[in-house]
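Hello,

Please find the structure below, for your files. My notes on contacts and charges follow it.

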Amino acid sequence: DLGKLRTDSKLASILASPQFAGKLAEWEVQLAELEKKHEELLVQHAKEELAAGGGFPFDFDLLDVNGKPLKLGALKGQVCIVDIWGTWCPPCRQEIPAFVKLQDKYGEYGFQMIGLNQEQGPSEEANTKIVLDFMANNSMNYPCAMIPEEVMAQVPNLEGFPTTLFIDHHGKVRLKSVGFHEYSYMATIVETLLQEQAAEANRAATN
């Protein structure tokens, strides 16, 4: 963290040395190169996983935690991410800002983010309150519902939380991804699926 390095009082004598400014400039260049390479690898990995496929039938017809209908079939024509998660799960919580950002950036282009929660409260009412409080405290801009066992059972080889399903505009699961993923990885997949959606719409308009 070069920002902290510049302001750490314990390093005052080093910060004051004539060689430090030059060294800092070198580190900034090296870190920028590493970040660029990391971003490129994330994008490449996302495209490879999406191309590999591995879809399966998946559907749900639920009420979200606000009591509103949440039906996957009603979202055909849109690209969706379904995040199977819990507020008790650290990597799940870590992904929330990326999902909020995805909804903000791509919502107007036909993207919808959805959360399906499995919580550990003493009752259904308690679980709902846990999710509602978490959503309010984290400025979540997309709907969440509790996930029943029959919906969970549709996901083959469910390995853990979070499990993220990327669903195309035909309602087909195109990719199941387990564990924490960075924004660039998920944005690459969303953009690819939105491009497919737009290309198909253009073909239909010209025929």
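Leaving aside residues up to four places away in sequence, Thr164 touches Ile81, Val82, Asp83, Glu95, Phe99, Leu175, Lys176 and Ser177, where contact means heavy atoms within 4.5 Å. Thr164 is part of strand 6 (residues 163-167). Helices (H or I, at least four residues) and strands (E, at least two) are DSSP runs, numbered from the N terminus. With a relative accessible area of 1%, Thr164 is buried; buried means under 20% relative accessible area, exposed over 50%, and partly exposed in between (1.4 Å probe, protein chains only).

Before the rest, two remarks on the source. This is a predicted model, in which local features need pLDDT of at least 70 and side-chain atom pairs count only at pLDDT 80 or more, while totals for chains, interfaces and linings use all residues. Residues are numbered from 1 along each chain as its sequence is written, and side-chain values use heavy atoms, with hydrogens and water left out.

Salt bridges

The structure holds four salt bridges, each defined as a side-chain nitrogen of Lys or Arg within 4 Å of a carboxyl oxygen of Asp or Glu.

Lys23 pairs with Glu26, with 3.4 Å between the closest N and O atoms. Lys23 and Glu26 are three residues apart in helix 3, so about one helical turn separates them. Lys23 is partly exposed at 39% relative accessible area, and Glu26 is partly exposed at 40%.

In helix 5 (residues 124-137), Asp133 and Lys129 are four residues apart, about one turn of the helix. Their salt bridge has its closest N and O atoms 2.7 Å apart. Asp133 is partly exposed, at 34% relative accessibility.

Arg174 and Asp168 form a salt bridge through their side chains, at 3.2 Å from N to O. Arg174 counts as buried at 17% relative accessibility, and Asp168 is buried at 5%. Through salt bridges that share partners, Asp168, Arg174 and Glu196 form one network.

Surface charge

Which residues gather in a patch of negative charge on the surface? They are Glu35, Glu39, Glu40 and Glu182. Such patches take residues with over 30% relative accessible area and no salt bridge, like charges being joined within 9 Å; the place of a Glu charge is taken as CD, and Asp and Glu count as negative. Of these, Glu39 lies in helix 3 (residues 18-52) and is partly exposed, with a relative accessible area of 38%.

Regards

Definitions and conventions
Patch = residues over 30% accessible without salt bridge, like charges linked within 9 Å, V, L, I, M, F, W, Y side chains within 5 Å. Areas by Shrake-Rupley, 256 points an atom, 1.4 Å probe, with all protein chains shown as cover.
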